[in-house]
Amino acid sequence: MAITSERLRKMTPEQRANLHENARKRIDDGGRAIIELIESSGLPLSSGGMRLSDPVYQRMQEIVWSSEGKKAAVGATQAGRPALAGVEPLIVANLGDRYHPHNDGTKSAGGIVGELMRFLGYELAGHADMPAGSVAKTAALWRPKKG
């Protein structure tokens with residue numbers, strides 16, 4: 001039986017995650033089309049937030065850790081804004097409406113940015129509101145670690 005958008009909507013998030021994983025294992029045998037259908041649907045692959053194996057999560061990691069993502073995060077921090085404020089426009093431009101708070105997407109993005117900032121030698125300095133028009137409402141502020 002062919003996988004359709006309607007069938008995807010009727011599946012649980014966990015069933016979609018399982019289908020995605022199976023399709024990934026058969027990428028050259030019809031798997032690519034199934035993966036593209038799942039990813040373009042915007043439907044979650046878990047009911048309890050975002051898994052590390054979720055393609056949206058993995059793409060956010062790539063964006064945040066890219067040279068452009070690093071520059072955007074550090075630039076926002078140097079301007080006194082949350083690091084996520086610098087990176088989120090890149091995430092939105094790439095993922096569109098697949099990036100949203102309903103599947104813990106914004107929380108996951110903040111966590112990924114936190115990993116980056118700690119790696120770059122920053123420490124948590126509080127939280128602040130995101131700029132108007134942002135998908136995330138609040139995010140962490142960072143400062144260079146002292147000595």
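# Briefing: helix packing in a predicted model

From the N terminus on, the elements of the protein follow the order α-α-α-α-α-α-α-β-β, which amounts to 7 helices and 2 strands. The model is predicted. Along the principal axes, the C-alpha atoms fill a box of roughly 60 × 30 × 25 Å. The protein has 147 residues, of which 38% are buried. Among contacts between residues at least 6 apart in sequence, 54% join residues at least 24 apart.

**Helix α6 and its surroundings**

- Helix α6 covers residues 83-95. Its 13 residues should span 18 Å at 1.5 Å a residue, and the 18 Å between its end C-alpha atoms agrees with that value.
- The buried residues of α6 are Ala83, Leu84, Ala85, Gly86, Val87, Glu88, Ile91 and Leu95.

**Contact of α4 with α6**

- Helix α4 (residues 55-65) packs with α6 at an angle of about 135°, and the two axes are 10 Å apart.
- An angle over 145 degrees would count as roughly antiparallel; α4 and α6 are therefore oblique to each other.
- The crossing of α4 past α6 is right-handed.
- On the α4 side, the contact involves Val56, Arg59, Met60, Ile63 and Val64; on the α6 side, it involves Val87, Leu90, Ile91, Asn94 and Leu95.
- By type, the residues of this contact of α4 with α6 comprise 8 nonpolar, 1 polar and 1 charged.
- Residues three or four places apart in an α-helix point the same way, because the helix has 3.6 residues a turn.

**Contact of α6 with α7**

- The angle between α6 and α7 is about 120°, with their axes 10 Å apart. That angle makes α6 oblique to α7.
- Helix α6 passes α7 in a right-handed crossing.
- Ala83, Leu84, Val87 and Ile91 of α6 make this contact with Thr106, Ala109, Gly110, Val113 and Met117 of α7.
- The residues of the contact of α6 with α7 divide into 7 nonpolar and 2 polar, with no charged residue.
- Val87 and Ile91 of α6 also meet α4.

- Within α7, the buried residues are Gly105, Thr106, Ser108, Ala109, Ile112, Val113, Gly114, Leu116 and Met117.
- The packing partners of these buried residues are α4, α5, α6, β1 (122-129) and β2.
- Glycine 121 follows α7 and has a positive phi, near 95°.

**Contact of α4 with α5**

- The axes of α4 and α5 come within 4 Å and cross at roughly 70°.
- Angles of 65 to 115 degrees count as roughly perpendicular, and α4 and α5 are therefore roughly perpendicular to each other.
- In this contact, Ile63, Val64 and Trp65 of α4 meet Ser67, Gly69 and Lys70 of α5.
- The residues of the contact of α4 with α5 comprise 3 nonpolar, 2 polar and 1 charged.
- Ile63 and Val64 of α4 also take part in the contact with α6.

**Loop residues in the N-terminal helices**

- Methionine 11 lies in the loop between α1 (5-10) and α2. Buried means under 20% relative accessible area, so methionine 11 counts as buried at 15% relative accessibility.
- Apart from neighbours within four places in sequence, methionine 11 is in contact with Ile3, Arg16 and Leu19.
- Methionine 11 and leucine 43 are 32 residues apart along the chain, and their C-alpha atoms are separated by 9.8 Å.
- Arginine 26 is placed in the loop between α2 (13-25) and α3 (27-41). Its relative accessibility is 47%, and arginine 26 therefore counts as partly exposed.
- The C-alpha atoms of arginine 26 and isoleucine 91 are separated by 28 Å, the two residues being 65 apart along the chain.

Terms used: Residues are numbered from 1 along each chain as its sequence is written. This is a predicted model: local features need pLDDT of at least 70, side-chain atom pairs count only at pLDDT 80 or more; totals for chains, interfaces and linings use all residues. Side-chain values use heavy atoms; hydrogens and water are left out. Axes are lines fitted to C-alpha atoms, for helices over the stretch in contact, and angles run from 0 to 180 degrees between N-to-C directions. Angles under 35 degrees count as roughly parallel, over 145 as roughly antiparallel, 65 to 115 as roughly perpendicular and the rest as oblique. A crossing is left-handed if the near helix is turned anticlockwise from the far one by less than a right angle, and right-handed if clockwise. Contact means heavy atoms within 4.5 Å. Ala, Val, Leu, Ile, Met, Phe, Trp, Tyr, Cys and Pro count as nonpolar, Asp, Glu, Lys and Arg as charged, and the others, Gly among them, as polar. The expected span of a helix is 1.5 Å times one less than its number of residues. Buried means under 20% relative accessible area, exposed over 50%, partly exposed in between (1.4 Å probe, protein chains only).
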